[in-house]
Amino acid sequence: PEVGYVVVQPGTAPLVTELTGRTAAYQTSEVRPQVSGLIRQRLFTEGSFVRAGQTLYQIDPSLYRAPGDQAQANLASAQAAAAAAQVKADRFKPLAEIEAVSKQDYTDALAQARQAQASVAQARAALATARINLRFTRVPAPISGRIGRSLFTQGALVTSNQTEPLAVIQRLDPIYVDIKQSAAELLALRRTLAQGGAMPTQAVVRLKLEDGSDYGMTGTVEFTEVTVDEATGTVTLRARFPNPQNLLLPGMFVR
């Protein structure tokens, strides 16, 4: 009689674990003013997508334009004084060599020329500071992403050291999912890996949303926290998912 047979060979099978998690923005930036003043304009639509460097608010620049003009004038005055002091020092040098003037007079003239050059550098730095403050009256977006509601309206007074941001920008593509896993389960998995009962690989993560539907795209585990939450006894794993349609929003509960 003829019989069939099967050759048994070892293979691999994935270890599947279902865990809970919450989504978190890939990048979050709080828009804050760097100078004080009144908001004259809000230049974005709440809830829209903004790009890095895009001007979001215009602060009244009049208080910062005048110091810039004054610093420019001070620089011109310092440059004129420096030029005159340098000419005097250059004239005194050959006279001092033939002792037509005292060497002390030449030394004083040379010191005055150097002091005038230092005054030029100080005036140039003051002008740069004034220009920076004037530029800061236009508040740009630090990152590209979805911007939320504006927490300050036109005409509101803002300060450079305020604690509340003007608005919050979040980058949602890609997006993070913070997963909680029991420290005991993670310890058991590591023991299995150490004993050769399992092979390490890059874990593929799939999502199930709050309504029970499956999120079509898969993600990968980025890293695992090095500490255990004392209150819950869990370790946080962070996975990254593509989110081109912004279906996943920060704070959503997923499995």
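Let me begin with a question: in which strand is F253 found? F253 lies in strand 12, residues 253-254, where strands are DSSP runs of E of at least two residues and helices are runs of H or I of at least four, both numbered from the N terminus.

Before going on, this is a predicted model, in which local features need pLDDT of at least 70 and side-chain atom pairs count only at pLDDT 80 or more, while totals for chains, interfaces and linings use all residues. Residues are numbered from 1 along each chain as its sequence is written, and side-chain values use heavy atoms, with hydrogens and water left out.

F253 is partly exposed, at a relative accessible area of 31%, the class between buried, under 20%, and exposed, over 50%, with a 1.4 Å probe and protein chains only. Although F253 and G21 are 232 residues apart in sequence, their C-alpha atoms are 6.0 Å apart in space. Neighbours within four places in sequence aside, F253 is in contact with T20, G21, R22 and E210, contact meaning heavy atoms within 4.5 Å.

Turning to the helices, the axes of helix 1 (residues 62-97) and helix 2 (residues 103-135) come within 7 Å and cross at roughly 160 degrees, the axes being lines fitted to C-alpha atoms over the stretch in contact, with angles from 0 to 180 degrees between N-to-C directions. Helix 1 and helix 2 are therefore roughly antiparallel, a label for angles over 145 degrees.

Key. Angles under 35 degrees count as roughly parallel, over 145 as roughly antiparallel, 65 to 115 as roughly perpendicular and the rest as oblique.
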